Amino acid sequence: MKKFKIASIPGDGIGTEVVPAATAVLKTVSEIHGGLSFEFTEFPYSCEYYLEHGVMMPEDGLERLKDFDSIFLGAVGNSKLVSDHTSLWGLLIKIRREFEQQINIRPAKVLRGIKSPLVNPKDFDLIVVRENSEGEYSEVGGRILRGEDEISIQNNIFSRKGTERAMRYAFDLASKRNKHVTSATKSNGIVHTMPFWDEVFNDVATDYADIQTDSQHIDALAAFFVTRPNKFDVIVASNLFGDILTDIGAAIMGSVGIAPAANINVNGKYPSMFEPVHGSAPDIIGKGIANPIGQIWTAKMMLDHMGEEEIGTVLLDVVESVTNDGIVTPDIGGKHTTTEVTEEIISRLKARA
Ligand SMILES: NC(=O)C1=CN([C@@H]2O[C@H](COP(=O)(O)OP(=O)(O)OC[C@H]3O[C@@H](n4cnc5c(N)ncnc54)[C@H](O)[C@@H]3O)[C@@H](O)[C@H]2O)C=CC1
Ligand SMILES: CC(=O)C(=O)O
Ligand SMILES: [K+]
Ligand SMILES: [Mn+2]
């Protein structure tokens, strides 16, 4: 029996609706697999936790998380209670940084039965490799003066190590796929970091003779995600560019509610963290209509990461059979609730046993 210890952090908003749904699905996965078991430990870290304790997680929070095999997180953020930069940097980004989860992988492809808003989506199947530890998400900077003379400065950080790591990850991934990497740049407008980004990309590319490459400015690339997403295989992007591109990737799939993601610790020193692309969706909290598929597909990425690709493939296939039969939430045109979609996935999984 393979045993995995999972730290579960539902977080805020619909995180508390979709994490229990995906956890129930994972329990069923372990039942039908027979040789796989999960032990979940839930942590209450969230904006409500902040109101009570003045911090998003306790001082030894990371210490408590570090020995788990994986972290399974929903979403963080409730701007009515805590400012978004405080909540994200106090929990989500803190874990990404301290646990050296330097790569964020975010696939986007057409799922059976889900209508893309694109008139002619073709069959796109792409993965964005987002640099997850530096770039535009940086604490370096500050504010001086007040009033009409006020100045704010935010520095971008691009290290050779971090940039190269993301690029090598993308090239290695492309080697196992369609052998094409696109670099998301903006070296026409950003005069220091982006020409550096291009240089590192060209350097790394010379080590991968069988991989084709191209480089697109982020503005044009964002448009190409809409007009011809089927032309992409792997895209490597900085932290912010990757963040934005993957919401577009989610949108062209049909909804941000179905898009999965994985924050990968590549050096094996700390657990990786699995959380979908979407946030806490304050506009639909408590309505019972949050799409659980983003969190469930994220669970599939966690299974893949644990070396359980076979059952992961079964899980995604079952999800697609459910979407194909139109048993879906309102964000993708259905009438069903979170619970109904989840129960249908669970019962079809059981039928595969
Ligand atoms: N990784 C994380 O934990 C993230 C957290 N956030 C936080 O979440 C809060 C809300 O941010 P927004 O910018 O509104 O982004 P969001 O992703 O939460 O919501 C954007 C839109 O997508 C819809 N949506 C998102 N997930 C859905 C799902 N599973 N099913 C159906 N519809 C879904 C929402 O209802 C909303 O209309 C903020 O506090 C923000 O900081 C935002 C993005 C990522
Ligand atoms: C914060 C955010 O939007 C993301 O990491 O995707
Ligand atoms: K999330
Ligand atoms: Mn985002």
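Helix axes here are lines fitted to C-alpha atoms over the stretch in contact, and angles run from 0 to 180 degrees between N-to-C directions. The model is predicted.

Take the pair H7 and H8 with that in mind. Helix H7 covers residues 218–227 and helix H8 covers residues 239–253. Their axes come within 9 Å and cross at roughly 15°. Angles under 35 degrees count as roughly parallel, so H7 is roughly parallel to H8. The crossing of the two helices is right-handed. H7 contributes Ile 218, Ala 222, Phe 225 and Val 226 to the contact. H8 answers with Phe 241, Ile 244, Leu 245, Ile 248, Gly 249 and Ile 252. By class, the contact of H7 with H8 holds 9 nonpolar residues, 1 polar residue and no charged ones.

Now the sheet. Strands of a sheet pair through backbone hydrogen bonds, either parallel or antiparallel.

Strand E8 (residues 180–185) pairs with E9 in the parallel sense, over 6 bridges. Within this pairing, Ala 184 has Gln 216 of E9 as its bridge partner.

Most residues other than glycine have a negative phi. Glu 100 has a positive phi of about 50° although it is not a glycine. Glu 100 sits in the loop between helix H4 (84–98) and strand E4 (103–109). Ala 281 also has a positive phi, near 45°. The loop that holds Ala 281 runs between strand E12 (272–274) and helix H9 (293–305).

Which of these residues is buried, and which is partly exposed? A residue is buried if 20 or more other C-beta atoms lie within 10 Å of its own. Ala 281 has 22 of them, so Ala 281 is buried. Glu 100 has 18 C-beta neighbours inside 10 Å and therefore counts as partly exposed.

Terms used
Residues are numbered from 1 along each chain as its sequence is written. Chains are lettered from A and ligands numbered from 1 in the order in which they are written. This is a predicted model: local features need pLDDT of at least 70, side-chain atom pairs count only at pLDDT 80 or more; totals for chains, interfaces and linings use all residues. Helices (H or I, at least four residues) and strands (E, at least two) are DSSP runs, numbered from the N terminus. A residue is buried if 20 or more other C-beta atoms lie within 10 Å of its own, exposed if 12 or fewer, and partly exposed in between; C-beta atoms are placed from the backbone. Two strands pair if DSSP finds at least two bridges between them. Angles under 35 degrees count as roughly parallel, over 145 as roughly antiparallel, 65 to 115 as roughly perpendicular and the rest as oblique. A crossing is left-handed if the near helix is turned anticlockwise from the far one by less than a right angle, and right-handed if clockwise. Two residues are in contact if their C-beta atoms, placed from the backbone, lie within 7 Å. Ala, Val, Leu, Ile, Met, Phe, Trp, Tyr, Cys and Pro count as nonpolar, Asp, Glu, Lys and Arg as charged, and the others, Gly among them, as polar.
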